[in-house]
Amino acid sequence: MSKIAGLLRRTFGVVRQHVGTDHLGNKYYFIPEQKSWTGRHIRAKRMVEAANPAEHEYMEGSIPMEWEAWIRGRRKEPPSIEELMVNESQREQIKLKAMEVEEKDLALQAKEYNEGLVATPARTVAKGHAAATVFGKEEFSEEPSSTANKFQPGSWMPTSKK
């Protein structure tokens, strides 16, 4: 069989084994260790053929974590369908529990604010940058001001000659 596979590899290129397909339609392949027609050793590879081959359409999460771990060599065997289903249901349960905890926390915070146990956070709006000499001032003053080694002259308006 290896002689036939070697002949096919030399004739048609690389022979890849289909390992599996995920729920998004991505196909996963394993290319076994082989020698090229020149006798050079080529190591084994794992690859994915994306359902959406355009690079600009790739988004994080378009390859399931289990398959990504297999592609990167962090696991030896490809994930089974049962494993994928169990992990997906666990992720959904964790999301639901996190939402419940967040809702309870928000309700507890609101209760504490209403009872006066905790001070409500101050919502201040500051204009400008804190390092600026005019930070927190409403208007420019006519008096000169200085901070550290910088001198800021006061604003000057010409007087009318009547």
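How many salt bridges does the structure hold? The search returns six of them, a salt bridge being a side-chain nitrogen of Lys or Arg within 4 Å of a carboxyl oxygen of Asp or Glu. The model is predicted, so local features need pLDDT of at least 70 and side-chain atom pairs count only at pLDDT 80 or more, while totals for chains, interfaces and linings use all residues. Residues are numbered from 1 along each chain as its sequence is written, and side-chain values use heavy atoms, with hydrogens and water left out.

The overall layout comes next. The protein chain contains three helices and seven strands, where helices (H or I, at least four residues) and strands (E, at least two) are DSSP runs numbered from the N terminus. Along the sequence, these elements follow the pattern α-β-β-β-β-β-α-α-β-β. The protein chain has 162 residues, and 12% of them count as buried. Here, buried means under 20% relative accessible area, exposed means over 50%, and partly exposed lies in between, with a 1.4 Å probe and protein chains only. Among contacts between residues at least 6 apart in sequence, 29% join residues at least 24 apart; a contact means heavy atoms within 4.5 Å.

Three of the strands can be followed together. They form an open sheet in the order S1-S2-S5, with antiparallel pairing; two strands pair if DSSP finds at least two bridges between them. Strand S1 (17-21) and strand S5 (45-49) are the edge strands, each pairing on one side only. On average, neighbouring strands of this sheet are turned by 25° against each other, direction ignored. That angle relies on axes, which are lines fitted to C-alpha atoms, for helices over the stretch in contact, and angles run from 0 to 180 degrees between N-to-C directions.

The pairings can be read residue by residue. S1 and S2 are joined in the antiparallel sense over four bridges. Gln-17 stands opposite Phe-30 in S2, and Thr-21 stands opposite Lys-27 in S2. The hairpin of S1 and S2 has five residues between the strands, and in this hairpin Gly-25 takes a positive phi near 100°.

A search of the whole structure finds two aromatic pairs. In the pair of Tyr-28 and Trp-67, the ring centres are 4.0 Å apart and the planes are at 5°, so the pair is stacked. Rings of Phe, Tyr and Trp (its six-membered ring) pair if their centres lie within 6.5 Å, and planes under 30 degrees apart count as stacked, over 60 as edge-to-face and the rest as tilted. Because Tyr-28 lies in strand S2 (residues 27-31) and Trp-67 in helix H2 (residues 65-71), the pair ties together parts that are 39 residues apart in sequence. Both Tyr-28 and Trp-67 are buried. Trp-67 also pairs with Trp-70, this time edge-to-face, at 5.8 Å centre to centre and 85° between the planes. These two tryptophans lie in helix H2, three residues apart, about one turn of the helix, and Trp-70 is buried as well as Trp-67.

The salt bridges complete the picture. Glu-68 and Arg-72 meet through their side chains at 3.1 Å, N to O. Glu-68 has 26% relative accessibility, so it counts as partly exposed, whereas Arg-72 counts as exposed because its value is 57%. Another bridge joins Glu-83 and Arg-75, with the closest N and O atoms 2.8 Å apart. Glu-83 is partly exposed at 26%, and Arg-75 is partly exposed at 22%. Arg-91 forms a salt bridge with Glu-88, with the closest N and O atoms 3.2 Å apart. These residues are three apart in helix H3 (residues 81-115), so about one helical turn separates Arg-91 and Glu-88. Arg-91 is partly exposed at 25%, and Glu-88 is partly exposed at 35%. Salt bridges that share partners join Glu-66, Glu-88 and Arg-91 into one network.
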